[in-house]
Amino acid sequence: MIRRAYDRRAASLGVTSAQWRVLLSLEREGNLRQVELADRLDVEPITLCRILDRLGDAGLVERHADPADRRAWRLALTDKAGPILNSLHALATDLRAEAFEGLESSQMEMIRTGLAQIRDNVSRIDTSPTRVSA
C-alpha cells in the first residue's frame, strides 16, 4: 500500500513506478551495467531497455560503453536527474511520516527488526533447493 501511494505521488512529477525505481537504484549504486540493473530490479533486460530509452530521452540517464565489455553499457545519472531525485526523496520522507504517524520509536524499531528478519528468511528460501512433497 505504501508503494502504491508513493507511485501515485511520484506520478505527479511525471515519473512512473518503473522509472523512479531505476533512478533511485542508479543513485544508490551508480555505474551499473544494464544487465546488472535489470537483475537487481527483477525485470527483463528488454523491459529495462525501454525504460532507459525514455529516461535517456528525458535527459535523466546516460549510457556509456563498458570498457571491459564492448557489448555492454554502463548507466549513469545526469545532472538533470538531481532535482527529480530530490523531489522523490521529499515524497518518501513525507509519506513515511504520514504512514508511521502515531508510532513510538520503540514500535518502529520492532517493525524494522521484524521486517529485517522476514527479508532474511525469504532470502534463504530463495537460495535453498525447492522441496516437493508427495
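Start with packing. The buried residues of α2 pack against α1 (2-11), α3, α4 (45-57), β1 (61-66), β2 (69-77) and α5 (81-99). Helices here are DSSP runs of H or I, at least four residues, strands are E runs of at least two, and both are numbered from the N terminus. Buried means under 20% relative accessible area, with a 1.4 Å probe and protein chains only. Contact means heavy atoms within 4.5 Å.

Ground rules. This is a predicted model, so local features need pLDDT of at least 70, side-chain atom pairs need 80 or more, and totals for chains, interfaces and linings use all residues. Residues count from 1 along each chain as its sequence is written, and side-chain values use heavy atoms, without hydrogens or water.

Which residues of α2 are buried? Gln-19, Trp-20, Val-22, Leu-23, Leu-24, Ser-25 and Leu-26. After α2 comes Gly-30, with a positive phi near 50°.

Now the largest pocket. A pocket is an open set of points on a 1 Å grid over the protein atoms alone, where a 1.4 Å probe fits, with protein on both sides within 12 Å along at least five of seven lines; lining residues have an atom within 4 Å of a point. Trp-20 and Leu-24 are among its lining residues. α5 gives the most to that lining, with 5 residues.

Last, Gln-34. Gln-34 sits in helix α3 (residues 34-41). Buried or exposed? Gln-34 is buried, at 15% relative accessible area. Its contacts include Leu-48, Arg-63 and Trp-73, leaving out residues up to four places away in sequence.

Note on methods. Buried < 20%, exposed > 50% of the residue type's maximum accessible area, 1.4 Å probe, protein only.
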